[in-house]
Amino acid sequence: MSNVNDQSKKRLRIAMQKSGRLTDETERLFKSCGIKINENRDHLLAHAENMPIDILRVRDDDIPGLVMDHVVDWGIVGQNVLEETSMQRKVDGLATGYKVVTELNYGDCRLAIATPQEEEWTGVECLQGKKIATTYPFLLRRALSAKGVDFKIVLLTGSVEVAPRAGLADAICDLVCTGATLQANGLKEVETIFESKAVIICRDQELFPEKKAIADKILTRLKGVMTAKESKYIMMNAPRDKLKEITALLPGAENPSIIELEGDKERVALHVVSREKLFWETMESLKELGASSILVVPIEKMLD
């Protein structure tokens, strides 16, 4: 028994969504961070081949509770699920403690109210006395109660968007990414009540030293991968007397590296990391200033 306990103190346990909108991105993130996990998705528990990390694949709405109950050390979950579950557990008298480790650069969506396309919308007062179908009753009630709207919740766990057409509700409150599903079901988005993205959360207690060392290493890699994804390495030849104007055009750029060109006193090579998108219009402006051989290269990994 003591050997099992010793191992649990040394292996970082992470909960992630078994299947759903965050699953593929999370697995790609693990891979980019050098965490090798080859087990089939059908397995609840997977082990990293090259690091002392265990992965629990579970339903997304189970992840906050696993962290709050100290069953796992980290959880990767959408802020919408985290907030809804926290409110539910508070009502149920369960533990709600956690810390946010970092926001991730995927899983962006919004919790929004949608109504039938043919209905007029002048504001949330249109929902007074109406039935609203949702999977997120706590977030919905918090948002509308703050605006003085009295309504009835119709709790559904799936296919919320069909509720108005089926006569179950007058409107819905559901996650929206593109809005295509709403449109296909004759609905229009009218009010956003919560913005969400994926986050890593951790238990609200200190990790054992061995686990903390693993967590710190992974967090450094995570930030490096996310920074690289949002950054580009830009190279060009530029007139020496236009460097100030050219640098000013580069969005989110750090101090550039200036390299002398062999046999050319008028021009230099300029290399820079930019943390924002470089649009065609910017490249055309750079060319007008005399820049040439402009290359924009994606970055796979980065450590500051």
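How many bridges join strand E1 to strand E3, and in which sense do the two strands run? Six bridges join E1 to E3 (residues 53–58), and the two strands run parallel. This is a predicted model, in which local features need pLDDT of at least 70 and side-chain atom pairs count only at pLDDT 80 or more, while totals for chains, interfaces and linings use all residues. Residues are numbered from 1 along each chain as its sequence is written, and side-chain values use heavy atoms, with hydrogens and water left out.

Helices (H or I, at least four residues) and strands (E, at least two) are DSSP runs numbered from the N terminus, and two strands are said to pair if DSSP finds at least two bridges between them. Strand E1 itself, residues 12–17, is mostly covered, since five of its six residues are buried, where buried means under 20% relative accessible area, exposed over 50%, and partly exposed in between (1.4 Å probe, protein chains only).

Strand E7 (residues 131–134) runs parallel to E8 and is joined to E8 by four bridges, with Thr134 opposite Leu155 of E8.

The largest pocket holds about 760 Å³ of space. On a 1 Å grid over the protein atoms alone, a pocket is an open set of points with protein on both sides within 12 Å along at least five of seven lines, unlike a cavity, where a 1.4 Å probe fits but cannot get out, and lining residues have an atom within 4 Å of a point. Of the 27 residues that line the largest pocket, Thr135, Tyr136, Thr157, Asp174 and Leu175 are the closest to its centre. Helix H4 (79–92), strand E9 (171–176) and helix H6 (180–184) each supply at least two residues of this lining.

Helix H7 (residues 209–229) has 21 residues and reaches 30 Å from its first C-alpha to its last, close to the 30 Å expected at 1.5 Å a residue, the expected span being 1.5 Å times one less than the number of residues. Among the buried residues of H7 are Lys211, Ile214, Leu222 and Met226. Asp216, also found in H7, is partly exposed, with a relative accessible area of 37%.

Asp216 and Val268 are 52 residues apart in sequence and 40 Å apart in space, C-alpha to C-alpha. A further open sheet has four strands in the order E13-E14-E12-E15, paired antiparallel, and its edge strands are E13 and strand E15 (292–298), each of which pairs on one side only. Five bridges join E13 (residues 257–261) to E14 (residues 264–274), and Leu261 has Asp264 of E14 as its bridge partner. Two residues lie between these strands in the hairpin, where Gly263 takes a positive phi near 75°.

Key
Points joined across faces, edges and corners; volume = space filled by probe spheres on them.
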